[in-house]
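Have the structure open while you go through the points.

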Amino acid sequence: DWWFASTAIPLLAATLGPLANVLSIAALVTYWRETVFVGGQFVGDFDGVPFRDPGWCYWLNVASLILGFVGNFFLLMNFTQRVRYIIALPMTIFLWYAATALLIGITASMNIYAPPVRPYETYTQGFWYAIIAACLYLICSMILMINMLGYFLGHYPDTFTLTDAQRTLILQTMLFFIWLAGGAAVFSRIETDHGQSGWAFVDALYFCDVTILTVGFGDLYPTNDLGRGLVFPFSVGGIIMLGLVISSLHKFMAQLGEENIVQKHAERIRSRTIDRTVRNSVELRRKQSNRFLSRISISRPIGAPMQPHPIPTHSLTHRLRQAASLNPATRTRKPKLIVLREERDRFNAMRKIQHSTTQFKRWWALTLSLTSFSLLWCLGAIVFWRAEKGPQDMTYFQALYFCYVSLLTIGYGDLSPKSNAGRCFFVVWSLVAVPTMTILISDMGDTVVAAFKRATFTLADFTVLP
């Protein structure tokens with residue numbers, strides 16, 4: 001019953017931890033406030049002029065980043081079994097809680113003691129990245145505490161029993177975020193030194209995100225030949241890494257479902273089949289009599305005394321007729337009995353169970369991925385609707401449209417994030433939502449697409465290919 005806490009939670013923390021580190025870097029290297037009243041007129045969030053933060057904000061931000069990296073290091077040592085579980089995991093939880101406390105403290109203090117003067121000033125993307133990083137550190141710490149609770153309750157040992165594929169997923173995720181953050185640093189330097197307008201690290205991070213995910217809104221693009229040439233290897237390497245991460249994640253989710261959900265479903269079907277199975281006429285008559293007697297006991301009024309003596313044959317016949325004529329609302333429906341007289345009958349019953357399990361496995365995976373896609377689509381649209389309502393007067397329907405074309409990586413470019421909060425949220429949301437959409441398409445290939453293919457072949461048999 002604790003399979004999610006023992007396996008899925010450590011992998012989830014190992015995935016979100018490096019992402020929180022990348023966002024914490026973005027919060028450190030970017031000023032948190034900017035002036036949007038430039039030259040006697042108001043400008044957009046991306047055209048504002050940033051100004052320096054207080055010294056206490058910067059150094060506490062440095063401390064939170066160090067704590068986050070050290071906590072991620074202890075988690076990695078825990079996975080590789082270089083440091084004991086009882087030492088490494090509490091250190092990770094404590095350090096990530098400390099990083100969360102520092103980020104929450106400096107963002108709250110900034111808002112209280114040195115807030116931007118509205119409407120002439122506003123918060124930059126660095127401030128919003130700090131808030132999101134604090135949320136991710138907090139989530140990782142809380143779910144790892146659930147993992148420790150399962151260990152103290154004795155549900156699993158003090159080691160992460162991960163397969164080679166799961167360890168590979170952790171390594172691929174870390175390399176992907178290193179590739180993303182490293183590419184953002186390089187593109188930021190190139191566009192600042194040789195570009196037309198210059199990019200901050202957060203702008204380059206957004207550009208790298210939409211490039212690797214093949215969304216391509218067109219609001220940011222390289223403005224010099226050096227940046228255009230670097231897009232070739234960076235995009236190919238990023239897409240390959242992202243594909244490996246999605247493939248490993250899909251295999252991991254399928255493996256968890258196979259071991260903990262599909263097998264239990266198959267066991268329930270086998271148990272029901274065994275309860276309904278008879279091999280000869282004697283067992284058939286006995287089970288039918290037991291079912292009729294159970295109906296009679298159900299129809300007996302509450303508090304009525306049980307028969308102390310055996311029921312005569314004529315009385316039993318009368319009671320059986322009475323049970324058969326009961327109101328359908330007062331009797332329970334039971335499945336029909338299965339007669340397995342020969343080996344072929346048992347083989348067919350086994351094949352039927354296997355087929356039912358296979359169908360359940362496919363439709364369960366599709367239901368899970370479809371639910372995840374729907375939640376990310378609708379909830380993400382709510383956030384974009386609120387964040388972009390001021391800069392571009394976005395409605396909720398437009399937010400749904402924007403999320404949809406982003407999830408499908410269409411990227412028309414007619415709508416794109418125009419606020420600092422919207423752009424920061426898009427980077428985090430897209431890194432979760434787009435892979436979810438890819439997994440959904442893969443699951444549809446085993447169910448909906450396969451059914452459509454069979455229907456096409458059936459139609460062809462009656463029309464063009466008899």
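1. Let's start with Gln81, which counts as partly exposed because its relative accessibility is 49%. On this scale, buried means under 20% relative accessible area, exposed means over 50%, and partly exposed is in between, using a 1.4 Å probe and protein chains only. Gln81 sits in the loop between H2 and H3; helices (H or I, at least four residues) and strands (E, at least two) are DSSP runs, numbered from the N terminus. The phi of Gln81 is near 60°, a positive value in a residue other than glycine.

2. A word on the ground rules. This is a predicted model, where local features need pLDDT of at least 70 and side-chain atom pairs count only at pLDDT 80 or more, while totals for chains, interfaces and linings use all residues. Residues are numbered from 1 along each chain as its sequence is written, and side-chain values use heavy atoms, with hydrogens and water left out.

3. Asp393 also deserves a look at its backbone: its phi is positive, about 55°, although it is not a glycine. You'll find Asp393 in the loop between helix H11 (389-392) and helix H12 (396-407). With a relative accessibility of 57%, Asp393 counts as exposed.

4. Which peptide bond is cis, with omega near -5°? That would be the one from Arg118 to Pro119. Pro119 is in the loop between H3 and S5. Val117 is in the loop between helix H3 (85-113) and strand S5 (121-123), and it is partly exposed, at 49% relative accessibility.

5. How many salt bridges does the structure hold? There are 5, each being a side-chain nitrogen of Lys or Arg within 4 Å of a carboxyl oxygen of Asp or Glu. Asp53 pairs with Arg33, with the closest N and O atoms 3.8 Å apart. That pair links distant parts of the chain: Asp53 is in the loop between strand S4 (49-51) and helix H2 (55-79), and Arg33 is in strand S1 (residues 33-35), 20 residues apart. Both Asp53 and Arg33 are buried.

6. Compare that with Asp193 and Arg189, whose closest N and O atoms are 3.6 Å apart in their salt bridge. These two are separated by about one helical turn because they are 4 residues apart in helix H5 (residues 164-194). Asp193 is partly exposed at 46%, whereas Arg189 counts as exposed at 54% relative accessibility.

7. Arg423 is buried, at 3% relative accessibility, while Asp219 is partly exposed, at 25%. Asp203 joins Asp219 and Arg423 in a network of salt bridges.

8. Arg423 also lies over the face of Phe46, at 3.7 Å from the ring centre. A charge counts as sitting over a ring if NZ of Lys or CZ of Arg is within 6 Å of the ring centre and within 35 degrees of the ring normal. Arg386 does this with Trp385, at 5.2 Å from the ring centre.

9. On to the aromatics: a search of the whole structure finds 28 pairs. Tyr123 and Phe127 make a stacked one, 3.8 Å centre to centre with 10° between the planes. Rings of Phe, Tyr and Trp (its six-membered ring) pair if their centres lie within 6.5 Å; planes under 30 degrees apart count as stacked, over 60 as edge-to-face and the rest as tilted. Tyr123 is buried at 4% relative accessibility, and Phe127 is buried at 6%.

10. Finally, the cysteines. The whole structure has 0 disulfides, a disulfide being a pair of cysteine sulfur atoms within 2.5 Å. Cys403 is buried, with a relative accessible area of 0%.
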